[in-house]
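Biologist: Please take me through the features of this model one at a time, giving the general idea before the case at hand.

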Amino acid sequence: MTVLPAALDAVFLARWQFGITTVYHFLQVPLTIGLGLLVAIMQTKWHRSGQEVWLQATRFFGKLFLINFALGVATGIVQEFQFGMNWSEYSRFVGDIFGAPLAVEALLAFFMESTFLGLWIFGWGRISKGMHLASIWLVAIGSSLSAIWILGANSWMQHPVGAFYNPETGRAELDGTQGFLEVITNPVLFLGFSHVFFTSVFVAGTFVASIAVWWTVRAAGAGEVGEREARETWKPIAKFGAWALIIGGLGTIGTGHFQGVEMVNLQPMKMAVAEGICMDTEGAAFTVAGFGECPLDDSGDMTRFITVPGLASFLSHNSFTAEVEGVRDIQDRMVEMLNQNESFTSRYGDAAQYDFRPPSMPTFYSFRVMVSLGLISLLLGIGILYWYRGDKIARQKWMSHLALFSLPWPFIGASAGWIFTEMGRQPWVVYPNIAGALNQDPVGGVLQLTEYAASGSVPAGQVLTTTVLFTVLYGVLGVIWILLLRRWAREGMHVPGVKDNEVTADTHLSFGY
């Protein structure tokens, strides 16, 4: 597609607009979920031990959590409006099903999260310590509940369940109460949420550990008082963040593997493209780097650099010798299956005219960026525990530089994972339930191609204009987000006159809570 036709294609622009706003928003999401939990644990440690360091840590990282939460809300509002504007055909087709989890998230989880966050912000010294502690835990729980309901809607798009296609209305409809229970117990939801949860702990742990290491090096070079601050304050926080990083990282790897195994069955084309497998292969090798794409005929193969024998089979089936489906054969099977599906043929015609491969290089490399940056960040956590073993602390300048250099990698890795999840589903906005289609189950007719999901009444020029405006606006918000986090991270955690659970004038002037 050349530049000019792309700029005038409403579907292409709508996809870019949703992708840009989603990636911007997803930069804040894992930090909100993970940091809310870590702040709650910090306050619990202070509540149980009475150690001043954990009160200071709660206040310090609580400020950073509030900044991130506010920007996350600001960047997330636009997305739901796009469903009714740029993607009105999608909303018309699945609104009764897709809208229910989003409505519950807004009415229950988000209000719970924001209400108790307000109580936590303004409750210092005004409510009991136990009630104040409960407030931050309810904020953390609310953040996770928000993720569950949003992922419930997204998981249904990845693997529709509990619904059927009504040819009279031309819409997907929920199959009663039983259908709603199937939606909220979707296996994709369980695997997706567990992966996002551990990823969030991983991101937040890296955030806490990196800042604490930077402050340790800075304080250790400031004389005897700074040495004591580095050892008594920042060292335990750095180790706490490192352990969160490691636990979150290992959980991310484990849940990601099981999620990948499940996706091989539910979305075989996505995983075949991600692993660079062009045809059904036993003991398939994993391609570390490559270029091009798997053709749909016998015309050739993608260019490969560095392969690991049997690894793709293990990642897909937990066996180094198992047979893995390839792109070319999956395409043939999809065409055969869909041409026997009346719901598909009545709406879209002959399946043979469609290419069911997702964009190859974005899917292929977003998968590798996600994995490689996650492993690199995991090594940081191990390194921090090594540097702080026994009576040692980080002193060398290069350690502080490494900590700051490593801070953004989990954010980029998490965003790459989201890009992989969404782009790998293309060209479907609602991926067909393959097992249901093969078994002639009513849910097998619930599917939708992305190019037919966009609104037919929103001109491309309007989509282009709003895309440019949103990109600029979100870019400005992104700069504000980074500057605010940098400003308060550099301030440190020393607030004059704060003692135990007391609130002073200096506290309010410092941040307003």
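Modeller: Let us begin with exposure: a residue is buried under 20% relative accessible area, exposed over 50% and partly exposed in between, with a 1.4 Å probe and protein chains only. This is a predicted model, in which local features need pLDDT of at least 70 and side-chain atom pairs count only at pLDDT 80 or more, while totals for chains, interfaces and linings use all residues. Residues are numbered from 1 along each chain as its sequence is written, and side-chain values use heavy atoms, with hydrogens and water left out.

Biologist: Is Gln440 buried or exposed, then?

Modeller: Gln440 counts as exposed, because its relative accessibility is 58%. Helices (H or I, at least four residues) and strands (E, at least two) are DSSP runs numbered from the N terminus, and Gln440 lies in the loop between α16 (434-438) and β8 (448-449).

Biologist: Where is Ile306 found, and what is its phi?

Modeller: Ile306 is found in strand β5, with a phi near 65°, which is a positive value in a residue other than glycine. Ile306 counts as exposed, because its relative accessibility is 60%. For the peptide bond itself, look at the step from Gln426 to Pro427, which is cis with omega near 10°; Pro427 lies in the loop between α15 (409-423) and β7 (428-430).

Biologist: Is Ser377 buried or exposed, and which residues does it touch?

Modeller: Ser377, found in helix α13, is buried, with a relative accessible area of 1%. Contact means heavy atoms within 4.5 Å, and, not counting residues up to four places away in sequence, Ser377 touches Phe202, Leu245, Trp409 and Pro410. Phe405, by contrast, is exposed at a relative accessible area of 51%, and its place is in helix α14 (residues 397-406).

Biologist: Which residues touch the most other members of the largest nonpolar core?

Modeller: In soluble globular proteins, nonpolar side chains tend to be buried together. A nonpolar core is here a set of buried Ala, Val, Leu, Ile, Met, Phe, Trp, Tyr and Cys residues joined through side-chain atoms within 4.5 Å. The largest one has 76 residues, of which Leu35, Phe61, Leu64, Phe207, Ile211, Ile237 and Ile384 touch the most other members. Helix α7 (residues 187-220) gives the most to this core, with 17 residues. Apart from it lies another core, of 25 residues, among them Phe98, Tyr165, Val446 and Ala460.

Biologist: Which cysteines does the disulfide join, and why is it called left-handed?

Modeller: A disulfide is a pair of cysteine sulfur atoms within 2.5 Å, and the structure holds one. It joins Cys278 to Cys294, S to S 2.0 Å. The torsion about the S-S bond of Cys278 and Cys294 is about -75°, so the disulfide is left-handed. Because Cys278 lies in the loop between α9 (268-275) and β3 (281-282) and Cys294 in the loop between β4 (286-291) and β5 (303-308), the pair ties together parts that are 16 residues apart in sequence. Both Cys278 and Cys294 are buried.

Biologist: How many cavities are there, and what is the volume of the largest pocket?

Modeller: On a 1 Å grid over the protein atoms alone, a cavity is a set of points where a 1.4 Å probe fits but cannot get out, a pocket is an open set with protein on both sides within 12 Å along at least five of seven lines, and lining residues have an atom within 4 Å of a point. Grid points are joined across faces, edges and corners, and a volume is the space filled by probe spheres set on the points. There are five cavities of 30 Å³ or more, and the largest cavity has a volume of about 60 Å³. Its lining includes Cys294, Arg357 and Phe364, and helix α13 (residues 360-387) gives the most to that lining, with three residues.

The largest pocket holds about 1600 Å³ of space. It is lined by 50 residues, the closest to its centre being Phe18, Thr22, His25, Gln79 and Trp418. α2 (10-49) gives the most to this lining, with 14 residues.

Biologist: What space lies in the second largest pocket, and which helix supplies the largest share of its lining?

Modeller: The second largest pocket has about 1100 Å³ of space. Of the 44 residues that line it, the closest to its centre are His195, Gly256, Phe367, Met370 and Val371. Helix α8 (residues 223-266) supplies the largest share of the lining, nine residues.
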